[in-house]
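This report looks at the charged side chains of one protein and at how they pair with one another. The structure is shown first, and the description follows.

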Amino acid sequence: MPLHLIKLCVGCESISDLEEWIEENKALHRRLRRDYEQTHTTRMVPKRVEELLDGGSLYWVIKGQLAARQKLLDIRPFTDGEGIGRCHLVLEPKVVPVEPRPYRPFQGWRYLNQKDAPRDLGRDSGDLAEMPEELRRELAGLGLL
């Protein structure tokens with residue numbers, strides 16, 4: 001069973017903000033004639049790498065709610081120029097909205113078990129998937145979703 005990570009998407013106001021950031025980075029790489037690979041740098045290296053790479057995702061908390069996920073493709077520890085150990089989380093550049101759920105702020109990342117992960121918003125989500133993100137966020141904040 002896969003294991004997931006949860007991380008705050010600092011500076012992001014919505015899922016579309018995250019998607020736009022990814023597209024801007026892709027465009028920059030194209031202009032520079034570089035291959036694109038989406039990575040997110042974090043300070044700590046997860047210890048449960050095998051479980052995370054067995055179908056795990058990085059779930060993003062946006063404006064206080066678990067809102068979207070991206071599949072984890074690789075985890076690459078490295079040492080930065082100042083000698084500090086860090087980690088690149090390599091992500092699939094596709095953002096998948098999930099059923100919103102309130103989530104308190106925290107530092108770093110947290111593990112998320114598959115049984116506790118929110119469902120993807122997709123074809124079987126009915127009207128919820130068609131609802132604007134802001135309305136989903138508000139209804140979830142009120143405990144109505």
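## Asp120 and its partner

In this predicted model, Asp120 counts as partly exposed, since its relative accessibility is 30%. Asp120 takes part in a salt bridge with Arg69, and the closest N and O atoms of the two are 2.8 Å apart. Because Asp120 lies in the loop between strand E7 (109–113) and helix H3 (127–130), while Arg69 belongs to strand E4 (residues 65–79), the pair ties together parts that are 51 residues apart in sequence. Arg69, for its part, counts as buried, with a relative accessibility of 18%, a value that falls under the 20% limit used for that class.

## Arg86 and Asp80

A salt bridge also joins the side chains of Arg86 and Asp80, with a distance of 2.8 Å from N to O. Arg86 counts as partly exposed at 23% relative accessibility, whereas Asp80 counts as buried at 18%.

Arg76 forms a salt bridge with Asp74, in which the closest N and O atoms are 3.0 Å apart. Arg76 is partly exposed, having a relative accessible area of 32%, and Asp74 likewise counts as partly exposed, at 25% relative accessibility.

## The whole structure

How many salt bridges does a search of the whole structure find? The search finds 9, among them the bridge between Asp120 and Arg69 and the one between Arg86 and Asp80.

Conventions. Residues numbered from 1 in each chain as written. Predicted model: local features only at pLDDT ≥ 70, side-chain atom pairs only at ≥ 80, totals over all residues. Heavy atoms only, no water. Salt bridge = Lys/Arg side-chain N within 4 Å of Asp/Glu carboxyl O. Helix = DSSP H or I, 4+ residues; strand = E, 2+ residues; numbered from the N terminus. Buried < 20%, exposed > 50% of the residue type's maximum accessible area, 1.4 Å probe, protein only.
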